[in-house]
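Dear colleague,

Please find the structure below for your own work. My notes on it follow directly after.

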Amino acid sequence: MKSENNFDNSVIMRNITKTFPGVVALSNVNFSIKKGEVRGLVGENGAGKSTLIKILTGAYTPDEGEIQIFGERFEALNPIISERMGIAVVYQDLMLASHLTVYENIFLGSEFAKFGLINKKAMIKKTEELLRSLQYDKIINPIDKVSNLSSAHKGMVAIAKALTKNAKVLILDEPTAVLAEKEINELFRVIKQLKNEGISIIYISHRLEEVFEICDTVTVLKDGKVVGHKKVEETTEDELITMMVGRDLKKEMFREREIGEEILRVENIKSGKVKNCSFSLRAGEIVGLYGLVGSGRTELARALFGAEPIEEGKIYLKGQEIKKLSPSRAIKKKMGFVPEERREHGLALKLTVKENINLPIYSRISKLGLVKTKEELKNTHNFIKSLSIKTPSIYQKVENLSGGNQQKVVLAKWLASESEVFILDEPTNGIDVGAKEEIYELINELASRKNAILFISSYIPELMSICDRILVMREGTIVGEVKRKDFSEERILSLAIKNKNNKVGVHQNESK
Amino acid sequence: MSQNNESLSLAETSKKLKFTWNTQRVILLVVIAMWVFLSIATENFLTLSNIQNVLRQVTIQGINAVGVTLVIITAGIDLSIGSVVALINILFALFLVKGLPIWLGILIVLAIATGLGFVNGFFIHQFRVPPFIATLAMMSIARGAALLISGGRNIFGLPRSIANFSSGTFLGIPNLFWFLVVVIIFMEFLLRKTTFGRYVYAVGSNPEAARLSGINIGLVIIGVYMIAGFLWGLSGILETSRIWMGVPSTGTGYELDAIAAAVLGGASLMGAQGSAIGAFLGALVMATIYNGSVLLNINPFWQRIIVGIILIITVSIDQMRTRKK
């Protein structure tokens, strides 16, 4: 506390380098923030934002560099020191215990208590004071259950919780992803108030217009390096986007293919937050689908496969409308779906490779309910060979395979069921580089065999390297399409980031 | 290349045998050790009549253990076993006393038991009631119904042939035990050879992945609880034959014995693990303990304590082994 007054900066990070096996996550990063400053931190997925934050909160130890917090030097932090030094994060998924009340959450782990007996009254009173200071005392009741609060109010509780720990540096990680317009304005009011109290705020968001509205300065990360640091008055959205993109393209994976007839057509689909989505896939085509977190890309994928109910709109397969879509019907109509959460939705982890591969086709390889074991084994061996799945045995439990091999098992399921339309949601997520290339090759091969592929990814270079065209989603709807000859990371990203009314020189779909 | 594949698959097959063998090996060793010990330590254990006795004792518990294993593989549980056995016992006894033909009585009570299983499965699937709660409710309802129908009194006056059946043997093996043999073979077949069996394991491992693979989960869940209900009905009929009357308080605690036997036999309450043979071995361990402690003149109250200790040790060993992997 003594040294605090002598320094303008609350946090200085110098020459921070952090490597993970095979990846340099941060290289020589310098980052500092002043008291009462609101700093935007932007960059594409994988640019190093979360690594930087994790170093500041003590979750990761940097390989090199030093950190100064209010003048005190550290080579590395740990979560306890970081919290004691006044650094607090409010994550997108909030990390609140939803069954507990507001005040219980705020004082979780630091309850007012004597001899193990909790002083409920004092905590409720203190919570009321806190909420009053945020002007939320009439709106949030300390004894409400957190599960009954709206996302915006949960966010406020998380901020209040950070304030009880005497936070001096507050990190907000995509705080507006789940908020409505009005709630965002409320949040900004609170941010401004905290700023006036001298609290430094690091504001991470993909929504650049918000950065311009609330931040004083903005830092752009790309490939683990700081590529720009600007006052918001001195820059534009376009300039920031230019700084963010332009990463080295991975190996070109695109292959010329003959593109055939339309297989899948989707008209004005509505399902949950997905609305008004229309597009089509043709035989032999690889179509990318890009969108930021929360843009509805996964929801769209699940709706296409019948995993979520479709409220409005039509789906045609080979010109024939499919009504009452469900996963089993989708499979019968030769669709295959690789879900984003491979372990939660894609695989029966405790079962063997053999059983997982054959899961969608047991009704086909059986007679009177009896499994034809010979075909089951033949199938399994075929796909283990053709996808070169590395497993010690076909009886290996899938949970013991590596991520890449697990993903191949999921793909094998849909090859076994002879799918013609493949919906791949982040198929290369969490698998190593070598396995990624194998998956790309596989996707190319599928396309060259006249299948239609929808390739969903949050990583633009990946889509650019393999797709014929890329659809871009924002706020639950498809806002644009970019053809291969027009591919540029900048165009795609600006479609995904910018407001509908901002023109970016890319032809946009007619918006409603 | 294909030759290569074949030799590969051969190696894998032997590996698989070894693996499943492993889960049940411990419990098989326990059975063998206990039988060897009792053969030496007591004069009467290794006699035809005593072995027949053990097989009679293991039958009902064995059927229940096999049935509840099927449920446990789906990551479910069934607490209604004992109560449904009692209800079926009362109904069957009542039908026989009222002069209904035996075959008709059997058909009716089996249908009722299967229907109760359907109710369990329906609420579990349709309304997402946790299996523990749904079957706890059924446990209460079925027991209440048994008491209500019988007026809380035992029902006497069943045909002599009913009692004779349970004491009779076929090929030197008690009639009752043959039912267990059939149930085990049926269940092993169902789990290993049929699509339904594959789906049962898949639903137990990951219902969402199963659904996204086109499996009708409702059919699997409801089917499983119906099969289980049917087996509780069979147990109820055999119980009637064994005690030769209707006793509304019979079957108390059967569900816990069955779950213990299933777990001893390698079923995991987390789902996707378990086998009919394993459940049988688990039940055999427990029946042997009961039989052995009588022969050894151990205070019968010790039996439950011993079962509890064996249960906790077996599962601990199993957990340690899987953790190590």
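Which residues have the most contacts inside the largest nonpolar core? They are Leu170(A), Ile453(A), Phe455(A) and Val472(A), in a core of 241 residues. A nonpolar core here is a set of buried Ala, Val, Leu, Ile, Met, Phe, Trp, Tyr and Cys residues joined through C-beta atoms within 7 Å. Helix 10 (residues 217-243) of chain B gives this core its largest share, 14 residues. Beyond its neighbours within four places in sequence, Leu170(A) is in contact with Ala88(A), Val90(A), Ala162(A), Leu194(A), Ile199(A) and Ile201(A); two residues are in contact if their C-beta atoms, placed from the backbone, lie within 7 Å.

Some conventions apply throughout. This is a predicted model, in which local features need pLDDT of at least 70 and side-chain atom pairs count only at pLDDT 80 or more, while totals for chains, interfaces and linings use all residues. Residues are numbered from 1 along each chain as its sequence is written, and chains are lettered from A and ligands numbered from 1 in the order in which they are written.

The two chains

Chain A comprises 17 helices and 24 strands, where helices (H or I, at least four residues) and strands (E, at least two) are DSSP runs numbered from the N terminus. The C-alpha trace of chain A spans about 75 × 55 × 45 Å along its principal axes. In chain A, 46% of the 512 residues count as buried. A residue is buried if 20 or more other C-beta atoms lie within 10 Å of its own, exposed if 12 or fewer, and partly exposed in between, with C-beta atoms placed from the backbone. Of the contacts in chain A between residues at least 6 apart in sequence, 68% join residues at least 24 apart.

Chain B comprises 13 helices and 2 strands. Its C-alpha trace spans about 70 × 55 × 35 Å along the principal axes. For 325 residues a compact globule would have a radius of gyration near 20 Å, and the 20 Å of chain B agrees. Of these 325 residues, 47% count as buried. Among contacts in chain B with a separation of 6 or more, 79% are between residues 24 or more positions apart.

Where the chains meet

In the model, 24 residues of chain B are in contact with 29 residues of chain A. On the chain B side, helix 1 (2-41), helix 8 (195-205) and helix 9 (207-212) each supply at least two residues. Helix 8 of chain B provides the largest share of that side, 6 residues. Helix 8 of chain B is also mostly covered, with 10 of its 11 residues buried; among them are Arg198(B), Tyr199(B) and Tyr201(B).

A helix pair in chain B

The axes of helix 11 (residues 254-264) and helix 12 (residues 276-295) of chain B come within 7 Å and cross at roughly 120°. Axes are lines fitted to C-alpha atoms, for helices over the stretch in contact, and angles run from 0 to 180 degrees between N-to-C directions. The two helices are therefore oblique to each other; angles under 35 degrees count as roughly parallel, over 145 as roughly antiparallel, 65 to 115 as roughly perpendicular and the rest as oblique. Residues of helix 11 that take part include Asp257(B) and Leu264(B), and those of helix 12 include Gly282(B) and Met286(B).

Individual residues

Arg56(B) lies in helix 2 (residues 48-73) of chain B and counts as buried because it has 21 C-beta neighbours inside 10 Å. Arg56(B) and Phe177(B) are 121 residues apart along the chain, yet their C-alpha atoms are separated by 5.9 Å. Leaving aside neighbours within four places in sequence, Arg56(B) is in contact with Pro174(B), Leu176(B) and Phe177(B).

Lys324(A) sits in the loop between strand 17 (320-321) and helix 10 (327-332) of chain A and is exposed, with 8 other C-beta atoms within 10 Å. Arg128(B) sits in the loop between helix 4 (102-126) and helix 5 of chain B.

With kind regards

Note on methods: Rg over C-alpha atoms; globule rule 2.2 N^0.38 Å.
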